[in-house]
Amino acid sequence: MLIRHGLRRLALGLAALAMIPSLAFADPRTPTPEEYVAHTGGQATIVPYGEFVLDGIKLYCGRRPTVIDNNLDDYGAAYPGFLIMNMRLLARVSTPVKLWIYSHECGHQFRGPDEETADCFAVQRGRRQGWLSPGGVEEICSFISPAKGDAMHFSGSHRCEYMRQCFSEFGIR
């Protein structure tokens with residue numbers, strides 16, 4: 001079973017690489033937060049590490065800043081060294097879902113690009129920090145279950161089952 005999952009992840013990863021335009025490899029650098037903000041025409045803002053707050057909760061991702069970009073086409077994203085949050089979209093979801101999204105993107109900073117690993121990082125972090133309960137996991141599952149799988153993500157229902165399993169494990173993945 002683990003081999004099958006590993007092969008599936010490898011195949012999905014290779015498919016994702018094949019879909020990236022060749023221009024993406026022209027400049028192997030990743031932007032700094034300042035470069036990212038400049039690329040948005042100044043529409044985004046940088047929140048220094050330790051100062052980002054969601055629903056009254058101060059959030060940290062090591063010493064990484066958070067960029068607020070309300071034109072981002074998703075709830076959150078991450079580049080190496082910083083996170084990006086779309087506050088306009090985050091306003092539509094519950095606090096546990098917001099905190100999970102932030103922690104998921106933070107998980108990419110510490111665990112790499114694998115989506116399941118970032119999901120597990122987020123729910124385990126939420127359990128350890130006390131902001132995520134079993135009911136909160138179900139709110140996250142309600143949010144993510146309708147999602148279809150793609151080259152980078154398993155289906156929402158698959159991710160949900162994996163997160164339930166991670167949440168119940170006390171070893172850190």
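Select Cys120 and Cys166. A disulfide joins the two, S to S 2.2 Å. Look along the S-S bond: the angle about it is -110 degrees, and the link is left-handed. Remember as you go that this is a predicted model.

Now colour the helices that hold this pair. Cys120 sits in helix α5 and Cys166 in helix α7, so distant parts of the chain, 46 residues apart, are linked. Are these two cysteines buried or exposed? Cys120 is buried, with a relative accessible area of 1%. Cys166 is buried as well, at 0% relative accessibility.

**Next stop: Cys141 and Cys160**

Cys141 lies in helix α6 and Cys160 in helix α7, so the bond ties together parts 19 residues apart in sequence. Cys141 counts as buried at 2% relative accessibility. Cys160 is buried too, with a relative accessible area of 1%.

**Then: Cys61 and Cys106**

Select Cys61 and Cys106. Their sulfur atoms are 2.2 Å apart and form a disulfide. This link is right-handed, with 95 degrees about the S-S bond. Where in the chain do Cys61 and Cys106 lie? Cys61 is in the loop between β3 (57-59) and β4, while Cys106 is in helix α4, 45 residues away. Cys61 is buried, with a relative accessible area of 1%. Cys106 is buried, with a relative accessible area of 0%.

Show every disulfide together. How many does a search of the whole structure find? The search finds three. Number the bonded cysteines in sequence order, and the pairing reads 1-2, 3-6, 4-5.

Zoom in on Tyr102. Leaving aside neighbours within four places in sequence, Tyr102 is in contact with Phe52, Leu54, Leu59, Tyr60, Cys61, Thr66, Leu83, Met85 and Arg125.

**Last stop: strand β6**

Select β6 and show its side chains. Phe82 and Ile84 point one way, and Leu83 and Met85 point the other way. All of these are buried.

Strand β4 (residues 66-68) runs parallel to β6, with three bridges. Find Thr66: its bridge partner in β6 is Leu83. Strand β5 (residues 76-79) runs antiparallel to β6, and four bridges join the two. Find Gly76, which stands opposite Met85 in β6.

Finish at the turn. The hairpin of β5 and β6 has two residues between the strands. Select Gly81 there: its phi is positive, near 100 degrees.

Definitions and conventions
Residues numbered from 1 in each chain as written. Predicted model: local features only at pLDDT ≥ 70, side-chain atom pairs only at ≥ 80, totals over all residues. Heavy atoms only, no water. Contact = heavy atoms within 4.5 Å. Buried < 20%, exposed > 50% of the residue type's maximum accessible area, 1.4 Å probe, protein only. Pairing = 2+ DSSP bridges. Disulfide = S-S within 2.5 Å.
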